[in-house]
Amino acid sequence: MKEFLEKILNTPTNEEFKRLYHGRGEKTYPFLTIDSINEILFVQFFEKNNLEEEIIEFLKNTKKYPHIIIKKRFTNETFAIKGEIPKIYYAIENNIKFKLNFYNQNIGYFGDSKNARKYIETTSTNKRVLNLFAYTCGFSLFAKKGNAKEVINIDMSKSALSIGMHNHQINNLYDKTIKFLPYNILKSLKKIENLGKFDIIIIDPPTHQKGSFIASKDYIKIIKKLNNISHTNTTLLACINDPKIKKKEFINLIENNSNYKFKEKISPPKEYINSSLKSFIFSPKFI
């Protein structure tokens with residue numbers, strides 16, 4: 001374990017967010033992820049393991065990071081073993097800042113979607129973008145960075161959208177062309193249809209959010225409405241982070257219930273080995 005951690009800590013980093021170790025889906029340490037967030041080393045334990053104390057004791061002595069934060073996802077504990085937990089802190093991705101809250105289960109930034117956000121930046125010029133399940137609006141930030149004509153962010157969490165608005169403001173990307181709508185998407189499909197047609201549609205839902213969205217049964221409800229909010233040149237970015245839903249199954253779900261066909265896959269950054277995230281681009285079948 002000592003050699004493994006030394007190797008992790010010797011990974012070259014800069015101020016940008018970087019996943020140093022992604023144990024999810026791995027056989028060696030599947031309970032563990034380690035991130036470098038500028039001056040913070042952020043370590044998450046997803047389940048109880050006998051190596052936990054050994055890892056914490058070793059990390060206490062590292063000099064590279066002035067702050068080391070531990071999050072135990074299985075007990076919802078968050079604490080610092082070195083330095084402190086800052087009240088205000090940001091993850092940086094391609095010069096864009098994301099406000100973080102280390103006490104939340106999801107801290108406000110998902111590094112595995114980095115390449116998908118870059119794709120949205122490169123394809124959004126003068127486009128009208130719909131960002132469903134926007135959370136803290138990462139896709140919106142990069143759509144606006146790519147000079148989108150309009151971005152509409154929809155999420156049922158007002159607090160998440162508030163952070164999303166803050167993210168736009170601190171990156172000088174906030175103006176009247178960005179909208180934040182606190183809708184329960186499944187209960188507001190007619191309202192969404194009334195927003196008109198979009199050039200880019202992004203669907204990036206939670207896998208299982210009790211009482212509001214369960215991907216395995218609810219994703220199809222949105223897919224069946226796509227034709228009402230798109231046109232013959234609309235690009236669809238559809239995401240799902242569920243190891244139980246396989247690539248072919250997900251593609252079939254969309255192709256069999258809409259006028260869209262699979263175009264290409266956007267892989268997570270190489271650090272996310274065995275990530276279950278699927279980010280697929282679809283285009284209309286009649287092109």
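## Cysteines

The disulfide count here comes to zero, where a disulfide means a pair of cysteine sulfur atoms within 2.5 Å. Cysteine 137 is in no disulfide, and its nearest cysteine sulfur, on cysteine 239, sits 15 Å away. Looked at from the other end, cysteine 239 is in no disulfide either, with the sulfur of cysteine 137 as its nearest at 15 Å.

Cysteine 137 is buried, at a relative accessible area of 0%. Cysteine 239 also counts as buried, at 0% relative accessibility. For these labels, buried means under 20% relative accessible area, exposed over 50%, and partly exposed in between, using a 1.4 Å probe and protein chains only.

## What you're looking at

This is a predicted model, so local features need pLDDT of at least 70 and side-chain atom pairs count only at pLDDT 80 or more, while totals for chains, interfaces and linings use all residues. Residues are numbered from 1 along each chain as its sequence is written, and side-chain values use heavy atoms, with hydrogens and water left out.

An unreviewed UniProt entry carries the annotation "domain: S-adenosylmethionine-dependent methyltransferase" for residues 18-273. UniProt positions are given in the numbering used here, feature names are shortened, and such annotations may be inferred rather than shown by experiment. In the model, that span is 24% helix and 31% strand, and its end C-alpha atoms lie 13 Å apart. Helices (H or I, at least four residues) and strands (E, at least two) are DSSP runs, numbered from the N terminus.

## The five-stranded sheet

Five strands make up an open sheet in the order S1-S2-S3-S4-S5, with mixed pairing. Two strands pair if DSSP finds at least two bridges between them. Strand S1 (18-22) and strand S5 (77-82) are the edges, each pairing on one side only. From one strand to the next, the twist averages 20°; angles run from 0 to 180 degrees between N-to-C directions, and axes are lines fitted to C-alpha atoms, for helices over the stretch in contact.

S1 and strand S2 (residues 32-37) run antiparallel and are joined by four bridges. Histidine 22 has threonine 33 in S2 as its bridge partner.

## Helix H2 and isoleucine 56

Helix H2 (residues 52-59) lies across S2, strand S3 (40-45), strand S4 (67-72) and S5, running at about 175° to S3. Isoleucine 56 is found in this helix and is buried, with a relative accessible area of 11%.

What does isoleucine 56 touch, leaving aside its neighbours within four places in sequence? Its contacts are Phe45, Ile70, Phe79 and Ile81, contact being heavy atoms within 4.5 Å. Valine 43 is 13 residues from isoleucine 56 in sequence, and the C-alpha to C-alpha distance between them is 9.1 Å.

## Strand S8

Strand S8 (residues 128-132) is largely enclosed by the rest of the structure, because five of its five residues are buried. Both faces are covered, with Arg128, Leu130 and Leu132 buried on one side and Val129 and Asn131 on the other. In a regular strand the side chains alternate between the two faces of the sheet.

S8 pairs with strand S9 (residues 150-154) in the parallel sense, over five bridges. Asparagine 131 stands opposite asparagine 153 in S9.

## H7 against H8

Helix H7 (residues 215-223) packs on helix H8 (residues 247-255) at an angle of about 35°, and their axes are 9 Å apart. H7 brings Tyr219, Ile220 and Ile223 to the contact, and H8 brings Phe250, Leu253 and Ile254. By class, that makes six nonpolar, no polar and no charged residues. Here Ala, Val, Leu, Ile, Met, Phe, Trp, Tyr, Cys and Pro count as nonpolar, Asp, Glu, Lys and Arg as charged, and the others, Gly among them, as polar.
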